[in-house]
Amino acid sequence: MPELPEVETVKRGLAPAMEGAVIVKAAVNRPDLRWPFPPAMAQRLTGARVNALRRRSKYILADLDTDETLLIHLGMSGRMTVSGDPLGRFVHEHPQAEKHDHVVLDMDNGARITFNDPRRFGAMDLLETAAADSHKLLSVLGPEPLGNDFHEGHLIAAFKGRNTPVKSALLDQGIIAGLGNIYVCEALFRAGISPRRKAGQIAAHRVAALVPIIRQVLQDAIRAGGSSLKDFRQASGELGYFQHSFDAYGREGEPCRREGCAGSIARITQSGRSTFYCVKCQR
Ligand SMILES: [Zn+2]
């Protein structure tokens, strides 16, 4: 499941093919994904120029010159593929159409953007650009972890009095936008905080220390994603899934990597999802 760094990587991969280009043809091959597509989506996209691509949480937002914004969510299994870029950044020919190619955008620069999603948990919507922040999916989001509104004071206030485990608090999209299971595990490992500890019971200085750690964990992953984009020419043209090594996530039973710690990584279930952490050094 793509998390914030993967979505950021997809956005960066799409940018050279989409920004400044006009959508000359939009094929919308089914009425819905997770939710119905907006009315007349293909017509509303056709002829629109993409002014800019941006990311909010795990959503990619394409601001169009029609005063509308195309919202893209990859869901669980969504894949974006770029083919046929005429400027030579991507050498892929247009691939054969595949079964789950639900939306295909042909750009006036020759690039083709294909959204493929076998499980259809993804989403696309068109919203009025000026009112984008009040869209039902976006208005509930807390600050971006890499933005200025995410800071020590915010996190300390958000944790105050909270009786839920810190892991649940960090997964709460209203407290911080875009953090998912993997990077919460990684951030808590780096911070040496037990994922089971109640958010409201963590000393303020330790909560404050989480802020730069969360940023660093995400930035490290985004950097790994950026490296994957450099290899793009040899790859399939598919964006956003890259090799990345984790210190805690997925390492059940393996030795803890913290210097001087003789513990090993355990897996527990919290709110139905796997948590990986070192019982010995995460307190
Ligand atoms: Zn350890």
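This is a predicted model: local features need pLDDT of at least 70, side-chain atom pairs count only at pLDDT 80 or more; totals for chains, interfaces and linings use all residues.
User: Okay, so why is the site of the zinc ion called tetrahedral?

Analyst: The site has 4 donor atoms, with angles of 104 to 114° among them.

User: What makes Cys256, Cys261, Cys278 and Cys281 donors of the zinc ion?

Analyst: Check the distances! Their SG atoms lie 2.2 to 2.3 Å from the zinc ion. A donor has to be an N, O or S atom within 2.8 Å of the metal, so these four pass. Along the sequence, the spacing of the donor residues reads C-x4-C-x16-C-x2-C.

User: Why can you say that Cys261 and Cys281 tie parts together?

Analyst: Cys261 sits in the loop between helix H6 (204-230) and strand S9 (265-270), while Cys281 is in the segment after strand S10 (273-278), so the pair links parts 20 residues apart in sequence.

User: How do you know whether Cys261 is buried or exposed?

Analyst: Buried means under 20% relative accessible area. Cys261 comes in at 17%, so it counts as buried. Cys281 has 18%, so Cys281 is buried too.

User: And what makes up the largest nonpolar core?

Analyst: That core has 34 residues, and Leu14, Leu45, Met80, Leu105, Met107 and Ile113 have the most contacts inside it. Helix H1 (residues 4-18) gives the largest share, 6 residues. A second, separate core has 29 residues, including Tyr183 and Leu218.

Technical notes
Residues are numbered from 1 along each chain as its sequence is written. Side-chain values use heavy atoms; hydrogens and water are left out. A nonpolar core is a set of buried Ala, Val, Leu, Ile, Met, Phe, Trp, Tyr and Cys residues joined through side-chain atoms within 4.5 Å. Buried means under 20% relative accessible area, exposed over 50%, partly exposed in between (1.4 Å probe, protein chains only). Helices (H or I, at least four residues) and strands (E, at least two) are DSSP runs, numbered from the N terminus. Donors are N, O and S atoms within 2.8 Å of the metal (3.2 Å for Na, K and Ca); water is not among the atoms, so sites may look incomplete. Four donors count as tetrahedral if all angles lie between 85 and 135 degrees; four count as square planar and six as octahedral if opposite donors are over 155 degrees apart and all others between 65 and 115; anything else is irregular.
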